[in-house]
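Please open the model in your viewer and keep the sequence beside it. The tour below goes from one selection to the next and says what is there.

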Amino acid sequence: MSVAILASSVRTCLGDGERTFRAAVEGRAGVGQLRCGIPGRLNVRAGYHILDGDQRAFRATDWLLACVGEAVAEAGVQLADHRTAAVVGTGLRELRAVELAVADGSPVPSPEDLHFETALHEAVPELDFVLTASTACSAGGHALALAQDLIDLGRAEVVIVGGTDGMTESMLSMIGRVTETPADRVRPFDQQRPGVLLGEGAAALVVADPRLCPRAPLGHVLATGLSCDAQHETALDLDGIRRAISQAFSRAGRSPDEVDVVLAHGTGTALNDPVEAEALTATMPDAEPAVTALKGAIGHTSGASALHSLDAALRCMRNDVVPPVVGLRDPIPEARSLRLVRDAPSRNPVRLAQIDAFGFGGVNAVTLVEAAS
Amino acid sequence: MTAASGQRRTPDGDAVAITGWSAHVPGVAGDDLGPGLGSTPAEPADQAHRLLGRKGLRYRDEATRLALCAVHRLLGLEPGAPRRKGPPNADTAVVASCNLGNVQLVRELTRTVRESGGHAVSALEAPNASSNVVASTVALWFRWGGPNFLICSGDRSGFDALAVGALLLRAHRAEEVIVVGCEPADPVATEMHARHRPDIPLRAAAAAVRLQRAGDLPRRPFLLSQDLSGTEPVPGACGASGVLWLAVSAARSARGGPVIATDETLFEVCR
């Protein structure tokens, strides 16, 4: 059973959902100088930061709570009248607090500070339970899958799906270690792509049993396909991605030629983009949906990434416009059969969107979202 | 088959059965926790090669090593037995529970970067920096290509991992789910745990269970005894606790067949 999307709230370096989408349509990127860690210590110079003051601990929690508050207010349901749960996806959790304890000698946090459940229960007392999935860069997509299953199986009627991630010096050090020249921005699917950069951000959606909708929903989550490559620790695997895509369509009862837009994972790394382009080409040989990707505009927002793409997909549907891939100049040869949107937005009706999210460790989530009728 | 006293029945089609269980608590013989869990003290993480063999183990962190040991035991493999090769099995999902697996690494990387610069860190640590390394490594090691989750909700995460496993089965996203809970006990993890539970030191531990839909099983399973509800087989095991509780309960209850946990059992005891 599909689930209705009652509300969606996001935070990125470009602002809220409306501002983020408008900036992407206009081809703007929220990249700036790296503001995490000590300048010059990491082989990373740029980042897509939310500019909200100093580098204190628990910013990811603050952004998540802000998005959750907005989404709950927008949803228009009385949570106390329904079995309500929350599922949160995150890659980095609140590991930044562990790092800052090194920096300023403050006490290490408790294990209970690393996840968001305590904060969520306090902010939304109506919650029956919260699940936290730390499934790297596809955690948001994994959270969507669990949320839909909970509603489908009658375990919950309303689910808040959250995603949030900041940056950590440890993850940045890994990015810096595997990059020769520091990237200045993310260029998804570009022949000269310089690599990935992290982006700060959070998102929260409220999804519910369609019979509960107080008014027309924003859209419907049809299905999420999940798979694990189980082949390599960091590199993508074509077979694993294809299984996730195939599962999404079979669970949704739809076919790839119905897709109007693909919000690709598009990290701008050497490995992701060609493999993802091949997977998309192979799974939709007869279709030509518009293909776009957000990371050139907002950076790699890790656990929130799939939910940022979903919010953008809903706006594509509402406005019949698809933003260009910000940062793309010269597409890679593997993408030659794909209709990558570049230089200017594409104006076409959008009813069905595919959202890709592939995480470290080969964890894949592909979600299909449909416009409200 | 008679049910133990105090149990309730649910339709078999809805119920989740536990069809395998294991424990790996360094220094503890599994049989001291429950019958059939192991006659000799379990190896510490730095001796994991005695159970797993050396191939592929070198850069694995403590929590991942313990998780691999627990799953190796779950599968009934002999020490040093070779691992399955071939394409991954997409019908088997992996749900891991772990909170403190990468905290020491994160702290060390930060210190190294600040004192010596980013060039001094080893790129080989990259997989270990990601919090889901336990779940993805178990999948990679044993070739399981189904849904893969890492649950990290603090003390309760083992129970949450079991709930997610049951959900994946009921949603028909997998034919079987391997749920593995683990925690390391390195100095940083120990210090963090002490902030939350100063009275009970962190204990390195791992446990694993196999879950399947009860309706898929060829014969009717036994019902889980509820006498063990609420006990903590190994105090201080944090994210490993929930899975360890279920593994030990199953070991103590089983009389040769799979043990069923009703939805009420999982949720009544765990929540």
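Contact, in this tour, means heavy atoms within 4.5 Å. The model is a predicted one, in which local features need pLDDT of at least 70 and side-chain atom pairs count only at pLDDT 80 or more, while totals for chains, interfaces and linings use all residues. Residues are numbered from 1 along each chain as its sequence is written, chains are lettered from A and ligands numbered from 1 in the order in which they are written, and side-chain values use heavy atoms, with hydrogens and water left out.

Begin by selecting His115(A), which lies in the loop between α3 (95-104) and α4 (117-123) of chain A; helices here are DSSP runs of H or I of at least four residues, strands are runs of E of at least two, and both are numbered from the N terminus. Is His115(A) buried or exposed? With a relative accessible area of 6%, His115(A) is buried, a word that stands for under 20%, whereas exposed stands for over 50% and partly exposed for what is in between (1.4 Å probe, protein chains only).

Next, show what surrounds His115(A): apart from neighbours within four places in sequence, this residue is in contact with Thr132(A), Cys152(B), Ser153(B) and Gly154(B). The side chain of His115(A) also reaches the backbone oxygen of Ser153(B) at 3.4 Å.

Now colour the two chains separately and select the residues where they touch, which are 62 residues from chain B and 61 residues from chain A. On the side of chain B, Arg114(B), Leu167(B) and Arg173(B) supply 15% of the area that chain B buries against chain A, more than any other three residues, where buried area is the accessible area (1.4 Å probe) that two parts lose on being put together, summed over both.

Across the interface of chain B and chain A, 2 salt bridges are found.

Finally, select strand β1 (residues 16-24) of chain B, which is largely enclosed by the rest of the structure because 8 of its 9 residues are buried.

Definitions and conventions:
Polar contact = N/O pair within 3.5 Å; in protein donor to acceptor, adjacent residues only side chain to side chain. Salt bridge = Lys/Arg side-chain N within 4 Å of Asp/Glu carboxyl O.
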